[in-house]
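Hello,

Here is the structure I promised to pass on. Please open it first, then read my notes below.

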Amino acid sequence: MLKGFADLQIYTLESGGKNTADEYAYLLSLLGFRYVSFVCFNRVIENRFKEYRRRVEDYGLEYISRVDLEIKSLSQAKGFLRKYRKSVDLVVARPRNINAARFSARDGRIDMIFFDGRSPKFDTIQAKLMGVNNKVLEIAISEILTAEKRVPVIRKLNRTLTIALKYDVKIVLSSGAHNIYEIRTPRDMVSIIKTLLNIEYESGLEMMRENPFSVILRSREKRNKEFIMPGLKVIGKAKPYEAEKKILDFLS
Amino acid sequence: MKLRKRYLIFLVNSPMTFSSSEVEEAIKRELERCFGERCLALSGIELISYDERTGIGVLRCYHAYLEYARAALALVSDIKGTPIALYTLKVTGTKKKAIRIMHSLNLNKGLIKL
């Protein structure tokens, strides 16, 4: 059973951050996190994932593999998904236009959507689609920490959260850290969104504990060989069916 | 309503060391910036103790403003352009216990020094 806090969006040296996986893992283990995931843009590098897993497990954490797909066109997105879905725990979409955002909300192979600075605005139609298709929205606390002017960032996040919660979209709260100084303890992160964005403390904790796990579990279920589609899976194999002679006679 | 006090034991993580006045100023600046002068005035926020060597300190506030104080600590991201992170390690109801915890953390500084 998965239990503990998760930080699913951290940028290492390979993905534009300033610290190594080792440094992050050490800090996160001290701050009470249990699960960690590092951003990997647009491609899956198995060796890098193995290295991350090894480093993270040295500090008693569990590694969740993740690929971030910057989606510009649907054909490109389908290509990415065909290639990478089976090899990672989390597929996160970063839509670059409105069509890509709608596609991300509908496609069953995408687990989470993150609206960064280059994504279109998060609107009610998007929220409705995500709510219906059980898609998870990711928000990063570093947007607040690193902003020179916090007012527009708080306004944008407040609007996003209000719409998302109205349509029952699950939210995952991550640090989005580019260096170790952008990482905060789980409860500090919850305090920030509670005070600045008016989110209940318990809901905030859910965003860092239960919601990430439900995404990970659902994703792992999808990667299982027995999975066919949501609600349908192979539970066992029987002998090939041999019809009795009288049935065959009747049918003929 | 009686204003009960809360003591937050926090840890500073930064490539440089800062004096207690610099840390206190940064926390108060962040509290005022995000939650306003009213919150700063009513929260009763005050740096009780700070050890520059280990980077561990104790901050006092009133219980009704605990979340604001905690958020203000977390929102401090730099002092004079140097990146910094403040982590709340523990919250207690008495100063005595807070100081005791602070010293016990000092003893284990090898574990918490980042």
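Start with B:Leu86. Setting aside neighbours within four places in sequence, B:Leu86 is in contact (heavy atoms within 4.5 Å) with residues of both chains, including A:Arg184, A:Asp188, B:Phe10, B:Ile27 and B:Leu73.

This is a predicted model: local features need pLDDT of at least 70, side-chain atom pairs count only at pLDDT 80 or more, and totals for chains, interfaces and linings use all residues. Residues are numbered from 1 along each chain as its sequence is written, chains are lettered from A and ligands numbered from 1 in the order written, and side-chain values use heavy atoms, without hydrogens and water.

Confidence comes next. Chain B averages a pLDDT (the predictor's confidence in each residue, from 0 to 100) of 91. The model scores ipTM 0.92 and pTM 0.89.

Now the interface. Chain B gives 25 residues to the contact, and chain A gives 22 residues. Together they bury about 1,800 Å² (accessible area lost on being put together, 1.4 Å probe, summed over both), with 58% of it on carbon and sulfur atoms. On the chain B side, B:Glu67, B:Leu75 and B:Tyr87 lose the most area to chain A.

Two salt bridges (a side-chain nitrogen of Lys or Arg within 4 Å of a carboxyl oxygen of Asp or Glu) cross this interface. A:Asp188 and B:Arg70 meet in a salt bridge at 3.1 Å, N to O. A:Asp188 is also one of the residues in contact with B:Leu86.

Best wishes

Definitions and conventions: Buried area = accessible area lost by both parts, 1.4 Å probe.
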